Amino acid sequence: MVSDIQDTIVALSSAPGPGGRAVVRLSGPNALGIAFTFFQPTDPPGAARRRYEGALRLPDFASWIPASLVVWPEPRTYTGQNLAELHLLSSPPLVELLITSLLNAGARTAQPGEFTQRAFLAGKLDLPRAEAVLAVIEAGGRDDLKQALAQLAGGVSRPLQGLRDDLLDLLAEVEAGLDFAEEDIRFVQPEEMLKRLAKGLAQVTLLSKQLEKRGLSGSAFRVVLAGRPNAGKSSLFNALTGAAALVSPEPGTTRDYLVRRMLVDGIPIDLIDTAGWAERRTLIDSQAQQLGKQQTEGADLILLCLEAGGEFPDESELTEPGRPPVLMVATKCDLAKAPHKYLATSAKTRAGLNVLQNVLTEYARSSQKESALASSLSRCKHHVQATLEHLRRAHSIVLFSEPSEVLALELRGALDELGALFGAVFTDDLLDRIFSRFCIGK
Ligand code: GDP
């Protein structure tokens with residue numbers, strides 16, 4: 001539910017816990033009044049945006065607490081409303097007392113993402129940019145961060161802003177023509193319409209290609225092949241990726257590591273073939289050695305290759321907090337039978353490879369759902385693709401001189417999709433889905 005934007009909301013905006021500085025943020029009509037209830041500035045307060053030094057006086061607390069207050073009077077603020085931030089030492093009981101006092105003075109606890117939701121509702125950010133705020137906060141690596149920042153800077157919305165205006169004009173002209181259909185008055189000639197639609201098609205196609213590439217250059221799901229030397233890792237790697245890495249009957253041929261990207265249903269999966277484990281006392285010893293290696297860092301899944309007919313570990317040995325999940329596959333199943341419940345594969349006969357690929361894709365798909373950037377990208381891609389289809393149909397309607405009523409329908413369809421992409425049209429459910437993923441205070 002979109003909460004009442006007339007409420008003044010409060011939340012801790014910095015990381016909780018003991019630390020150098022806590023930032024308690026307020027937004028809403030009474031943000032400044034409520035903040036000044038407890039904050040005594042050294043200079044008299046004025047109407048301008050500025051930072052005040054001073055101290056806090058909290059109920060049931062005799063001493064003054066050094067603090068500063070930054071105020072941004074509406075409307076030129078992040079949320080479009082009065083905004084205030086109290087900065088103080090990050091002492092958890094102190095922060096708790098301050099927030100309780102602010103709540104007693106009339107503020108309400110902010111919901112997750114409510115500050116950014118207000119920025120969106122005030123028209124300060126469109127939906128792709130609001131989603132990018134979360135993606136920046138959540139970025140797991142430099143690639144993700146780069147993409148999220150590009151989106152925050154308008155990388156998705158900017159190229160489409162002009163198109164939206166042009167389509168609105170075009171629709172107005174087509175609909176005006178409908179009113180004068182009997183007189184056969186045309187407000188825009190078919191050649192002109194084709195030109196404008198072709199330009200729009202080119203813009204949307206370009207953006208769609210860029211979004212596809214973004215999905216690819218973003219962090220792919222990393223699957224590291226692991227297992228003892230000669231377990232058949234390189235052969236499985238080759239069979240899955242179609243690559244021709246060096247495969248040899250001598251143990252330990254894969255000296256370094258190789259990375260190849262597979263693309264299944266548009267989902268990028270990086271398969272990493274590592275050096276084999278040196279023989280160790282126990283499987284866990286060797287796994288620890290393997291996991292310590294640089295190339296397994298950041299693995300999303302470990303594909304543990306075990307030779308059919310060989311020794312299979314106890315599954316309980318393999319799960320440990322903080323370690324990526326381990327998927328065990330039996331290799332060389334053309335030579336021996338895989339133990340019951342292990343995924344049986346053979347690089348030689350390709351048995352089980354399709355099933356393995358599907359399992360990997362499922363893992364990758366469910367991990368994608370967790371990333372803010374991926375879910376924003378897939379939302380944008382969906383609307384961009386739908387816009388493209390409406391524009392293609394609109395173009396062919398003009399080309400084959402079909403009725404203007406149908407053309408108007410397709411133009412409306414394209415505008416609805418663009419509206420949904422920007423967030424000009426939204427439902428409470430959609431906002432809930434997007435903003436509930438934020439932490440409180442953002
Ligand atoms: P790695 O050291 O784990 O990378 O193992 P390799 O992929 O180099 O394979 C070791 C040996 O096992 C090679 O001689 C491969 O030809 C053989 N091998 C690998 N996969 C299969 C398989 O599915 N069936 C059979 N019969 N041999 C395999």
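Visitor: What makes two strands count as paired in this sheet, and in what order do its strands run?

Guide: Two strands pair if DSSP finds at least two bridges between them, strands being DSSP runs of E with at least two residues, helices runs of H or I with at least four residues, both numbered from the N terminus. By that rule, six strands form an open sheet of mixed pairing, in the order β9-β10-β8-β11-β12-β13. The edge strands are β9 (258-264) and β13, since each of them pairs on one side only. This is a predicted model, in which local features need pLDDT of at least 70 and side-chain atom pairs count only at pLDDT 80 or more, while totals for chains, interfaces and linings use all residues. Residues are numbered from 1 along each chain as its sequence is written, and side-chain values use heavy atoms, with hydrogens and water left out.

Visitor: How do you know that β11 and β12 are paired?

Guide: Six bridges join β11 (residues 301-307) to β12 (residues 326-331), and at least two are required, so the two strands count as a pair. They run parallel, and within β12 the bridge partner of L304 is M328.

Visitor: Which strands does α8 lie across?

Guide: Helix α8 lies across β8, β9, β10 (267-273), β11 and β12, and runs at about 155 degrees to β10. Such angles go from 0 to 180 degrees between N-to-C directions, with axes fitted as lines to C-alpha atoms, for helices over the stretch in contact, where contact means heavy atoms within 4.5 Å.

Visitor: Why is N230 called partly exposed?

Guide: Buried means under 20% relative accessible area and exposed over 50%, with partly exposed in between, for a 1.4 Å probe and protein chains only. N230 has 34% relative accessibility, and therefore counts as partly exposed. N230 sits in the loop between β8 (221-226) and α8 (233-241), and has a positive phi of about 75 degrees although it is not a glycine.
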